[in-house]
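Welcome! Open the model in your viewer, and let us walk through a few places together, one selection at a time.

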Amino acid sequence: MSGHRSEEVVIVGGGLAGASTACVLGRKGRSPLLLERDSGPRHKVCGEFLSIEAQTYLARLSIDLDALGASRISRLRLYHREMQTEVDLPFLARGLSRKVLDEALLEKAISHGVRVMRGVTARSITAEENANWIDAGPFGNVRAETLFLASGKHDLRGVKRSASGSINDLIGFKMHYRLSTQQRAALDGAIEVILFSEGYAGLQLIEDGVANLCLVVSQERFEQAGKNWSSLIERITRECPLLADRLRDAQAIFDKPLSIFQIPYGFVHDPTLVEPQGLFRLGDQMGVIPSFTGEGMSMALHSGHLAASMFLRHGCTSADFHRKMASDIQRQVRLAFLLNKAARFGPGQAALFHLCQTWPSLMRQVAAFTRIREGSMQSALVLP
Ligand SMILES: Cc1cc2nc3c(=O)[nH]c(=O)nc-3n(C[C@H](O)[C@H](O)[C@H](O)COP(=O)(O)OP(=O)(O)OC[C@H]3O[C@@H](n4cnc5c(N)ncnc54)[C@H](O)[C@@H]3O)c2cc1C
């Protein structure tokens with residue numbers, strides 16, 4: 001298949017950002033080429049918590065979360081050492097594995113005429129003023145007038161981000177479990193957030209009654225646990241006996257946890273950097289919100305919709321798009337960055353726990369500031 005081809009629009013990455021752009025463009029009669037590294041559906045490190053904003057975008061793309069078996073989550077339970085407190089969420093959240101969700105979006109894109117090439121990795125990109133060249137290995141070189149870069153957290157050769165100021169000493173892990181009947185019933189309807197020394201975890205149900213445990217921990221703490229997952233979990237459950245109860249008699253579904261290193265939390269692409277007009281950075285390539293607030297997916301979907309809408313309206317005007325995106329997410333990422341810091345260390349954890357316990361409405365308001373604003377969403381959802 002090697003050779004050269006020329007395309008009007010190419011999307012690199014078929015996660016939430018790339019697939020949502022593809023769906024919007026496909027619906028409007030465009031037929032972009034989407035290159036996705038993975039050859040089939042796979043699990044990804046993610047808390048799998050879908051906020052109301054993420055649900056709104058997915059509903060617009062006709063993704064039926066009920067049909068996909070998403071769980072329902074209406075309460076947040078916070079654990080710190082032996083203590084727990086519970087608050088109602090300000091919306092009904094949903095839980096769904098990324099394996100199922102990302103696949104549903106890619107299938108939707110295909111049904112709208114998008115050409116999805118799986119198992120194709122963009123190795124490097126050469127961005128020129130009037131075109132972007134993608135070296136796609138054995139697939140060949142692709143010339144794209146417009147390139148939507150949606151390859152997730154890590155950098156791609158030729159179009160590296162400047163991630164100064166971001167935190168990248170955290171490791172993310174994800175493990176799926178089958179809980180005992182009793183523990184599953186106790187978890188049903190809630191997301192449980194566990195604060196432990198140098199990290200935090202989220203536990204919730206997803207489809208088929210499976211529980212997802214997703215955590216971030218400092219590299220140092222992981223090293224102290226001998227870089228060993230079982231030993232890390234043993235130490236965390238010793239610190240938090242309530243999590244130990246939840247995981248008693250649980251069966252791990254994967255042989256080993258999925259992990260991700262060097263997450264550039266807090267990064268927001270600088271829109272004043274001079275880049276070619278035809279290069280749109282989406283999702284985590286545009287900004288990486290710390291996962292404590294469970295907003296990364298809605299931001300990825302927001303970027304996908306906004307980029308497609310602005311492209312359909314004005315063509316290759318990525319500088320305007322980057323400016324608008326930065327203003328839509330900057331405040332949220334900064335606040336989530338601070339919350340993330342607090343959630344990692346003792347005094348901050350104690351303060352967060354105390355606030356949640358004594359002033360839940362204030363916590364809800366703080367959390368609301370980490371979400372995409374209604375007005376920003378409306379402008380992304382209006383299509384020409
Ligand atoms: C520990 C952790 C927990 C999180 N929990 C939540 C949560 O509960 N709720 C929430 O809303 N957000 C959460 N997030 C954030 C969320 O997962 C991301 O913000 C979101 O996945 C970003 O979407 P994306 O499309 O930009 O990237 P991705 O979802 O990472 O998709 C990128 C895609 O590009 C493909 N790709 C990569 N490189 C190439 C290449 N060179 N060529 C071709 N294809 C390529 C990948 O295979 C992938 O399919 C969490 C993040 C972390 C790290």
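Start by selecting Leu187, which is buried, with a relative accessible area of 0% (buried means under 20%, with a 1.4 Å probe and protein chains only). Leu187 belongs to helix α4, residues 181–187; helices here are DSSP runs of H or I with at least four residues, strands are E runs of at least two, and both are numbered from the N terminus. Now show its neighbours: leaving out residues up to four places away in sequence, Leu187 touches Arg77, Leu179, Glu192, Leu203, Gln204, Leu205, Ala211 and Arg246 (contact means heavy atoms within 4.5 Å).

A word on what you are viewing: this is a predicted model, where local features need pLDDT of at least 70 and side-chain atom pairs count only at pLDDT 80 or more, while totals for chains, interfaces and linings use all residues. Residues are numbered from 1 along each chain as its sequence is written, and side-chain values use heavy atoms, with hydrogens and water left out.

Next, select helix α3, residues 98–111. Its buried residues include Leu101, Leu105 and Ala109. The buried residues of α3 pack against several elements, among them α1 (16–27), α2 (52–60) and α8 (296–314). Just after α3, look for Gly113, which takes a positive phi of about 95°.

Finally, colour α2 and α8. What meets at their contact? On the α2 side are Glu53, Ala54, Tyr57, Leu58 and Arg60, and on the α8 side Ser298, Leu301, His302 and His305.

How values were computed:
Buried means under 20% relative accessible area, exposed over 50%, partly exposed in between (1.4 Å probe, protein chains only). The expected span of a helix is 1.5 Å times one less than its number of residues.
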